[in-house]
Amino acid sequence: MWSPTRGGVPAFNRLAATGLAEIGHRVACLVLSATAEEHEDARRRGVTLLTAESTPAGPTLLLPASAAVDFGAEVIVGHDRFTGCEAWAYARRHAPGLLVYIAHTVPAEIERYKDSGRATSRIEERERIIRRLGAEADVVAAVGPRIARCTADLLAAGDTTRGGDVVQLDPGITLSGPEPRRPLAKRNVLVLGRTEDIGLKGLDLAARAVAGVPVLGGPPLTLLVRGAAEAECDDLHGTLVELSRLARERVDVRPYTVDPAELRRDLARSALCVMPSRVEGFGLVVLEAIGAGTPVLVGGSSGAAELLRAELGHAAEPMIVEMSDDEEIDVRRWSDAIAGVTSELEDSFAYAEDVRARLAGRLDWRRTARTLAEAVDRAVERRRG
């Protein structure tokens, strides 16, 4: 997909592809299908959008699309289990070139928090794909420090020549508006992102934590959730009200959207953005909030928290809430952290602006693209050698 309709992976792909085009590379993105608006968006970013081969069962990325073969790419990039195997098919069968595999998840961490009923088999299956792709790729990369470390460990267990050779790709920050933000009267606490897995994403923690913040004057906090399937918004609203005992008007569940203006509006009307995931390989929404100048809290068991600590040191600590996997302890920690931010909003917004200014020149999508391009150059040299 070109538009980030399924969360972090398409969003990362779109912004990384844009970064590669901006530093002078010829870039195409193969997708199942694309609207005229998506073609135009890609064109403005310097990227050629190509569509997959059609079959009676629908479009598939595994068959060679003539436009993709004719593009003549020298490097084929695949993302995790989502397009990693398709990239392997192109690089090794359809349009031979260097294969780049980018890891986005840590299956052994996230599957235990999903309600699939078959976590172990899913972990085994997905780790097998990662090991196979990692062993055969010319470049193995991963999003952020946590996924890079875990992917390196997984590959080292099966192939000692690749374990330490995982390239860390740190996402960039996109600034939305040059002016420092000021708090609004209504105090929304925003959870931004797909909501299929309530436990993994910590939506239950967010709802109960907001309910636990004392009302000390002024309007009470409202939990604003953006990311449910449109047909499931009302059911999720009822679930969160039941879990938290919040009044119905204090929980606001909205459907997932890829409209940038709508996402900017959500961030602009929120006093705080939280990512209470019990575990999270990275968490791009954290950088989106920072880019918008919105105060943010992030779970300590996430790649975003590790990156913030690496970039800011001790100055990152006010944004990070440590996770214990004990629900009652974690609810109290999140409730205390949310109360701390929302009780001193002027100070919280000043801190958010300072964080944005410090990271804007350091986390940049062009730098992400250069890191990947340099890894490809090294792979070319290894081939020549």
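Which strands does helix H7 lie across? Hi everyone, let me answer that after a quick word on the model.

What we have is a predicted model, where local features need pLDDT of at least 70, side-chain atom pairs count only at pLDDT 80 or more, and totals for chains, interfaces and linings use all residues. Residues are numbered from 1 along each chain as its sequence is written, and side-chain values use heavy atoms, with hydrogens and water left out.

Now the answer: helix H7 (residues 144-156) lies across S6, S7 and S8, and runs at about 140 degrees to S7. Helices (H or I, at least four residues) and strands (E, at least two) are DSSP runs, numbered from the N terminus. Axes are lines fitted to C-alpha atoms, for helices over the stretch in contact (heavy atoms within 4.5 Å), and angles run from 0 to 180 degrees between N-to-C directions.

Let's look at the sheet itself. Four strands form an open sheet in the order S5-S6-S7-S8, with parallel pairing; two strands pair if DSSP finds at least two bridges between them. At the edges are S5 (75-79) and S8 (166-169), each pairing on one side only. On average, neighbouring strands here are turned by 25 degrees against each other, direction ignored. Between S6 (residues 98-103) and S7 (residues 139-143) there are four bridges, and Tyr-101 has Val-140 as its bridge partner in S7.

My last stop is Met-319, in the loop between helix H13 (303-312) and strand S14 (320-321). Beyond its neighbours within four places in sequence, Met-319 contacts several residues, including Ile-290, Leu-308 and Tyr-351.
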